[in-house]
Amino acid sequence: MLISLAFTLLWTYTLFSQSTSNTFSYTFLFIDGKTKEELSIKIQPPYFRIDRPKDLFSIIYNEREDSFLGIEHRDGRYWKFSWPQIQKAVQKTKESSYKIKSDPFTDPIEQSIEDILNPPLTTHYGRYEPFNPPPQIPWDKSSLTRSSPYGELSQWIAKNTEAQSVCWLGSFSDSEIQNWDQSIGTLRKVCQILSFLLGEYAWPPKALDLWSSLPKNLGIPVETYWTQENKSLQLFLIRKEVLSNNTWIEPPKNYMMEELPLLEEYKNE
């Protein structure tokens, strides 16, 4: 009898574990003045996806392969590139190699001619590690708390910033919080590479800076407030979903693949 009961409990636990997904989708409302936009992050390592429905654009990153898949929903097309291949291609010329090895956001006028003609030999890739490492922003926990659909929220205030930045963190499961913390650095890398190559941000960069600097294992940002260029910006978590399949890691079957002209200068050198 005990053996039968134990087998039943084990089978039930195994079935539940197999049917439980570790894939989460977080949809945020981004408010920039009078402009509102929904932004979504889907997380199932090694895959990460950012959706910007307003711009009819999605980007999927495969961390294991270090590859990108961009989906243009406006005309039913998609493009791909491998970040290691881009790195290798641009090292063939000194000019492009310098673009990768230095901060593309630094004004060349501020650099000496020696620095421009003789870039450092240390290989730097993207803006994630060499150009702009995650900021070290100290945070203080305030005494304020409040309830929400995501449990009790605790308020954290960033110190030593030009304007006050505030995050309200929600209490989620330990495994979900850990998964979130590990993913933010990767998402920040993805956004900085896209910014470097295409000149566009897939996610508000300041939000990722703030999130990556928060103390770990405390919660997931449900509300984020910051000021940029004298404007008040906000991100609100409006929807959290558990995904039961991984169809989102591929483009729709009726979409056509195309070459992205902006990447040709890197691919063909």
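Select strand β1 together with strand β2 (residues 35–44), which pair in the antiparallel sense over nine bridges; strands here are DSSP runs of E with at least two residues, helices are runs of H or I with at least four, both numbered from the N terminus, and two strands count as paired if DSSP finds at least two bridges between them. This is a predicted model, in which local features need pLDDT of at least 70 and side-chain atom pairs count only at pLDDT 80 or more, whereas totals for chains, interfaces and linings use all residues. Residues are numbered from 1 along each chain as its sequence is written, and side-chain values use heavy atoms, with hydrogens and water left out.

Stay with this pair and go to the turn: β1 and β2 form a hairpin with two residues between them, and G33 in the turn has a positive phi of about 65°. Along the pairing, T27 has S40 of β2 as its bridge partner, and S25 has K42 of β2.

S25 counts as buried because its relative accessibility is 2%, where buried means under 20% relative accessible area, exposed over 50% and partly exposed in between, using a 1.4 Å probe and protein chains only. Seven of the nine residues of β1 are buried, and the strand is mostly covered.

Now widen the selection to the whole sheet, an open one of twelve strands in the order β7-β8-β9-β10-β11-β1-β2-β3-β4-β5-β6-β12, with mixed pairing. At its edges stand β7 (139–146) and β12 (256–257), each with a single partner strand, so one side of each is left without a neighbour in the sheet.

Finally, select W180: not counting residues up to four places away in sequence, W180 touches Y26, F28, I41, I43, W211, I220 and P221, contact meaning heavy atoms within 4.5 Å.
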